[in-house]
Structures are given as C-alpha cells and as structure tokens.
Amino acid sequence: MSELNLILLGPPGAGKGTQAERLQGDFRMPHISTGDMLRAQVAAETELGQEAQRYMTAGELVPDEVIIGMIIARIAEDDARDGFLLDGFPRNTEQADALAAALEKLDRRLSAVLLIEVPDEEVVRRLAGRRVCVKNPSHIYHVEFDPPKRDGVCDQDGARLIQRDDDQEETIRRRLEVYHAQTAPLIAYYDSDGVLRRFDGLRSADEVHDRIRATLATLRLEETF
Ligand code: ADP
Ligand code: ADP
C-alpha cells in the first residue's frame, strides 16, 4: 500500500497529540511531535534543549534553524519510510517550504494535512486542564474532559501526571497569538495545494478520530484508482 505522509495542524490544545496517539495505533506510522522532541532535549539538558527552553517557556517559536534540521533528519529515518504523522511542525511558511523541498528530494509528497479547528476560548479550557504522563508524553489527559481513573496517575503505565510549564493562562494566550500570526497562514498554504482536510475539534475525541479515519480510508481508496 502507498505511504501516508500526514501533518496534524491546529491551534495549541486542538487535540493533535490526542489524535496522533490514536492514529499511530491505526496506521503504525511514527508520531513525530516537535514539542515532545524539544521537551526531551530540555530534560536531557543538551545544548539544543537549553537554547529551546527559553522560547518554549515564553510561548514563542523556537528558531527555524534549530527545528528544521531536526525534523528533516527525522523523516528520513527508516521507521518513517512508509509514512509519518507530523504534530507541531510546520508552524510557519518557512518550515513548510523546507519540508516541501526535503520531501521533493526524497521523491515523496504529502498525503493530507489534517486541520483540527477549535475556538480560542476552548483552547484555554483545554490547556489549563491538560495533564501529561511524566514517562510517556503521548499519554494525555484532561482533569475534566478525560480524567485518569486515579487522580494524578497515568492509566496506561502508572506513572505520575504533570502539568506542562507552558500550560499557564498567560503563556497560553501568547501561544494563541503566535498561532494566529505565524501558523494559521498555513491553512491557506495547504488549501491551495489541495491537501487540506478540515475537522471540527469541538466534537469528542472519539468522533474526531472516526472522521479522520474515514477521510484517510477514502484517500487510500482514491489512490488505488
Ligand atoms: P494539542 O496536541 O493540539 O496541543 P492535546 O491532544 O494535548 O492537544 O489536547 C489538549 C487537551 O485537550 C488535553 O487535556 C486533552 O485531553 C484534551 N482534549 C483533546 N481532544 C479533546 C476533545 N475532542 N474534547 C475535549 N477535550 C479534548
Ligand atoms: P502545543 O500543545 O501548543 O501544540 P507543542 O508541544 O507542539 O505545543 O509545542 C510546545 C512549544 O515547543 C511551542 O510553544 C514552541 O515553543 C516549541 N515548538 C514546537 N514545535 C515547534 C516548531 N515547529 N517550530 C518552533 N517552535 C516549536
């Protein structure tokens, strides 16, 4: 079967990570989250992590030269040969152009850009209540909308749940501004390429997942004709 090269696009808190965790189970493609990669670098106290941290804490984008090389190398790895699911990248047109050039070199193309739409006020509610597993950041919860069975403990591996440093109201507002100014222009960018697919992120995580799966099934069917 042909490869599925996907991007998850949407504001912070739209549910990109939540959907990525599910889609990864369906399609066995690597979930490539720039945020998770950067946070791992911060935790390991690497030079890159130290450089990135101040931008992340302020809710600003980490400079392109740090991010682009990291992602281009990642999609060329073996496990991404049959497809990938990018989450949090690209976040501006420079990154999108760099990705397009890298894919062209590899003689590959994007299958779809999955846009999850959610209004700003919902973003604030979601991020303020988000909790993530300290051991595996793909395990995502919400104190109200998707609580763990035991308070503060990950259902899947029993590790502690934590709140991200940047999930504080003031930083959330700044991240939203950055999204609207720098990332939202990618909606028109990918729409004009004909690869954009829109999803109503206000639906439940299960419903969004069902709709994305249906869209991807149709895409794959179209490709076989
Ligand atoms: P993103 O990766 O886009 O920043 P996440 O997947 O981390 O978003 O989700 C942000 C928060 O919203 C998490 O606490 C998650 O549990 C919750 N969430 C995700 N999808 C939904 C949904 N469809 N309805 C309600 N809450 C959701
Ligand atoms: P969100 O839950 O908002 O989708 P992420 O985990 O994707 O958050 O990103 C957290 C932070 O990491 C961002 O606010 C930004 O500082 C940095 N970051 C992640 N991806 C990128 C990127 N592609 N370009 C620049 N900075 C990034």
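The model is predicted, so local features need pLDDT of at least 70 and side-chain atom pairs count only at pLDDT 80 or more, while totals for chains, interfaces and linings use all residues. Residues are numbered from 1 along each chain as its sequence is written, chains are lettered from A and ligands numbered from 1 in the order in which they are written, and side-chain values use heavy atoms, with hydrogens and water left out.

Start at ligand 1. Around ligand 1 there are 18 residues, each with a heavy atom within 4 Å of it. Gly13, Lys16, Thr18, Arg130 and Tyr141 come nearest. The shell divides into seven nonpolar, seven polar and four charged residues. Here Ala, Val, Leu, Ile, Met, Phe, Trp, Tyr, Cys and Pro count as nonpolar, Asp, Glu, Lys and Arg as charged, and the others, Gly among them, as polar. Two elements, α1 (16-27) and β6 (140-142), each supply at least two residues of this shell. Helices (H or I, at least four residues) and strands (E, at least two) are DSSP runs, numbered from the N terminus.

Now look at the polar contacts, pairs of N or O atoms within 3.5 Å. A backbone N or O atom of Arg203 sits 2.8 Å from a nitrogen atom of ligand 1. Arg126 brings a polar side-chain atom to 3.2 Å from a nitrogen atom of ligand 1. On its own, ligand 1 has 560 Å² of accessible area, and the protein covers 91% of it. Such areas come from the Shrake-Rupley method with a 1.4 Å probe.

Move on to ligand 2. It is surrounded by 19 residues, with Pro12, Thr34, Glu60, Gly88 and Arg175 the closest. Helix α2 (residues 34-43) gives the largest share of the shell, four residues. By type, the shell holds seven nonpolar, four polar and eight charged residues. A polar side-chain atom of Arg175 lies 2.7 Å from an oxygen atom of ligand 2. Alone, ligand 2 exposes 550 Å², and the protein buries 96% of that.

Helix α6 (residues 120-128) packs with helix α7 (residues 169-183) at about 135 degrees, and their axes are 10 Å apart. Axes are lines fitted to C-alpha atoms over the stretch in contact, and angles run from 0 to 180 degrees between N-to-C directions. The two helices are therefore oblique to each other: angles under 35 degrees count as roughly parallel, over 145 as roughly antiparallel, 65 to 115 as roughly perpendicular and the rest as oblique.

Terms used
Polar contact = N/O pair within 3.5 Å; in protein donor to acceptor, adjacent residues only side chain to side chain.
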